[in-house]
Each structure stands twice: as structure tokens, then as C-alpha cells.
Amino acid sequence: MLLKKVILAFIPPIAVFALHILLVIGGFYFKAEWIDIPIHFLGGASIGYTFTSLLQIAKRKKLLGKTHNAILLILVTSLVSLIAVFWELAEYLLAAATQIRWQSTISDTMLDLLMGLLGAPIGFLIRNKDK
């Protein structure tokens, strides 16, 4: 039962990653660069959902004590920001290694990070509503 809940927690970011792969294969990021913005938002929301799910599992298993939702939101947003930074770093390294333009400008990278951070509380709220 626990393993099933953990696996289910990871479905949203896996779905967003699968969508990302389809968009890359289809060349949509080059055809419609704006598509990058909602994908980063969805990525942040899906990862926020996953971390919130994992925290709820930890609470039920008494691995996490009583914690105010504001603290949990800060924690989830912090974890999402860490993942977003790693994602952007991976894009940079991939671009450097392949000479394929994965990132256009520093402004684009900052917007990607912002969209991920804005998605984090949405994922938190959606998952917290499902308790």
C-alpha cells in the first residue's frame, strides 16, 4: 500500500516529463518558444504535488510531526526550487555538450525558474485539498 502511494505521487512529474519529451521530439520548442513557459509551470506544480504527497505519507507514518501548512508550503517550494535549478543546470550542460540550443538567454532561464516556483504552491494546494 505504501509503495503504491509513493508510485502514485510520482505520476504527475512523469507525465509532464513525457509531454516534454514529445515536445522535444516534435520540435515544438523551436516552432513555438512560448510553450516552454507553461511546461515549466506544470513542472513546478507537478513536483510540488509530489513533494506534498510524500510529506503527507511521512505524516501518516508518523515520520513527520505536526507541522503548520505554511511551513510545509515553504519546504515544498524550496524543494521545487532546488529541482528547478538542477533542471536548468542540466539544460545548460546538455547545450554545452551537444551544441544544441536548449537555452536562449539568461532571461529565458530566469523565467523558467520563476514559472517553476509559481507552479509549486499550485501543486501544494491541489494535493493538500485531496487529503
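Predicted model: local features only at pLDDT ≥ 70, side-chain atom pairs only at ≥ 80, totals over all residues.
Started with Lys62, which is exposed, its relative accessible area coming out at 74%. I placed Lys62 in the loop between α4 and α5. Checked its backbone too: phi is positive, about 60°, even though Lys62 is not a glycine.

**Overall layout**

Stepped back to the whole chain. I count six helices and zero strands in the protein, so reading from the N terminus the order is simply α-α-α-α-α-α. Along the principal axes, the C-alpha atoms fill a box of roughly 50 × 25 × 25 Å. Of the 131 residues, 34% are buried. I also looked at the contacts between residues at least 6 apart in sequence: 76% of these join residues at least 24 apart.

**Thr50**

Next I went to helix α4, residues 36–60, where Thr50 sits. Is Thr50 buried or exposed? Buried, since its relative accessible area is 4% and the cut-off for buried is under 20%. I then asked myself what the side chain of Thr50 reaches. It goes to the backbone oxygen of Ala9, at 2.6 Å. Leaving out residues up to four places away in sequence, I found Thr50 touching Ala9, Phe10 and Pro13.

**Ser53**

Stayed in α4 for Ser53. Ser53 counts as buried because its relative accessibility is 4%. Its side chain makes a polar contact with the side chain of Arg127, at 2.7 Å. With residues up to four places away in sequence set aside, Ser53 touches Ala9 and Arg127. Ala9 turns up here for Ser53, and I already had Ala9 in my list for Thr50.

**α2 against α4**

Pro13 on the Thr50 list sent me to helix α2, residues 11–25. I get an angle of about 160° for the packing of α2 and α4, with the axes 8 Å apart. How do the two helices run relative to each other? The angle is about 160° and anything over 145 counts as roughly antiparallel, so α2 and α4 are roughly antiparallel to each other. Their crossing is left-handed.

I wrote down who meets whom. From α2 there are Pro12, Pro13, Val16, Leu19 and Leu23. On the α4 side they meet Ile39, Leu42, Gly43, Ser46, Ile47, Tyr49 and Thr50. Sorted by type, the residues of this contact are nine nonpolar, three polar and no charged.

**Thr77**

Last stop was helix α5, residues 69–98, which holds Thr77. Thr77 is partly exposed, since its relative accessible area is 22% and that class lies between the cut-offs of 20% and 50%. What does the side chain of Thr77 have beside it? One of its polar atoms lies 2.9 Å from the backbone oxygen of Leu73. Not counting residues up to four places away in sequence, I have Thr77 touching Leu117, Ala120 and Pro121. I also took the C-alpha to C-alpha distance from Thr77 to Leu118: 8.7 Å in space, for a pair 41 residues apart in sequence.

**Recap for later**

Two backbone oxygens to keep in view: Ala9 for the side chain of Thr50, and Leu73 for that of Thr77. For Ser53, the partner to remember is the side chain of Arg127.

Notes: Residues numbered from 1 in each chain as written. Heavy atoms only, no water. Helix = DSSP H or I, 4+ residues; strand = E, 2+ residues; numbered from the N terminus. Buried < 20%, exposed > 50% of the residue type's maximum accessible area, 1.4 Å probe, protein only. Polar contact = N/O pair within 3.5 Å; in protein donor to acceptor, adjacent residues only side chain to side chain. Contact = heavy atoms within 4.5 Å. Axes fitted to C-alpha atoms, helices over the stretch in contact; angles between N-to-C directions. Parallel < 35°, antiparallel > 145°, perpendicular 65-115°, else oblique. Left-handed = near helix turned anticlockwise from the far one by under 90°. Nonpolar A, V, L, I, M, F, W, Y, C, P; charged D, E, K, R; others polar.
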